[in-house]
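I opened this entry to record what I looked up, one item at a time. The notes follow in the order in which I took them.

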Amino acid sequence: MSMNKAEKTCYMCEKLATSVEHIPPQCLFPEQKDLPDGIDLRKQLLTVPSCDEHNSKKSQDDEYFLYSLVMLINSNKVARNQYFSKIKRAIKRNPSLLKKFTDASSPVKMQNSQTGAISNTRAFHLDEDRFNGIIDRLGRALYYKHFNEKCYNHIKYQAEYLLATIDPKNSYELNKPIQETSEQADGWFSNSKYYGENPEVFKYQVLEGNQSKIMRLHFYKGNRLLLIFKQNS
Ligand SMILES: [Zn+2]
């Protein structure tokens, strides 16, 4: 692809780009030194041009997002590997980082969508504003990368793995709608192609309708997130 002036502005705004933003954050992809010999999970990482303000690396949101994912029960062994290597090092450097997460947790019941089994687990309370900002930028970056146009509309999202409540008594009932949406999405996307060269870490799918476009993002195999984009008018 040739670079023209338009491609050098930030994926989020009209400022000139000064760096690149990785989609999703680069820290989600293990470094080769943290993996068994020969495995490369940083193949052809996706990037978009970014200004300083909209580069998530500079705000430490990347680390926050990584923590929020690797602790999920549906994450695969690549995620756990990231926890035991990269995150352990980060915690050693700055113990208060992880503490912010683990202090804010409480028990919940979750149903496995495949087996129907209900298990007891713990939910981590996310900083909602921060998480919304992270997903918004991630969505705009991926949209720009995939469709080669900037998204200026509001983006709705549904993290299929996030629990709606931390109240242990009725978390199961309240989380049912999320699980139902997730099951519906399994149907919508059952024949959709996967994009992404490192599917163990991240892959995504795309559906294009008349009114909207939907993307389904898969992190560490088991954690899915829907992004709903209204068509640019
Ligand atoms: Zn920008």
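I started at Asn148, which comes just after helix 4 and takes a positive phi of about 60°. The model is a predicted one, and I kept that in mind for every entry.

Next I checked the length of helix 4 (128–147). Its 20 residues, at 1.5 Å a residue, should span 28 Å, and the end C-alpha atoms are 28 Å apart, so the two figures agree.

I then asked which residues of helix 4 are buried. I found Ile134, then the run Arg137, Leu138, Gly139, Arg140, Ala141, Leu142, Tyr143 and Tyr144.

Two of these turned up again when I looked at the largest nonpolar core, which has 36 residues: Ala141 and Leu142, along with Leu69 and Val201, touch the most other members. Helix 1 (61–70), helix 2 (77–93), helix 4, strand 7, strand 8 and strand 9 each give two or more residues to this core.

Leaving out residues up to four places away in sequence, I listed its contacts as Leu28, Phe29, Leu41, Val78 and Tyr220.

Strand 8 pairs with strand 9 (residues 223–230) over 8 bridges, in the antiparallel sense, and Arg216 stands opposite Leu226 of strand 9.

Last, I looked at the other partner of strand 8. Strand 7 (residues 202–208) runs antiparallel to strand 8 (residues 212–219), and 7 bridges join them. Leu207 has Ile214 as its bridge partner in strand 8. A hairpin of 3 residues connects strand 7 to strand 8.

Conventions
Residues numbered from 1 in each chain as written. Predicted model: local features only at pLDDT ≥ 70, side-chain atom pairs only at ≥ 80, totals over all residues. Pairing = 2+ DSSP bridges. Helix = DSSP H or I, 4+ residues; strand = E, 2+ residues; numbered from the N terminus. Core = buried A, V, L, I, M, F, W, Y, C linked by C-beta atoms within 7 Å. Buried ≥ 20, exposed ≤ 12 C-beta atoms within 10 Å, placed from the backbone. Contact = placed C-beta atoms within 7 Å. Expected span 1.5 Å × (residues − 1).
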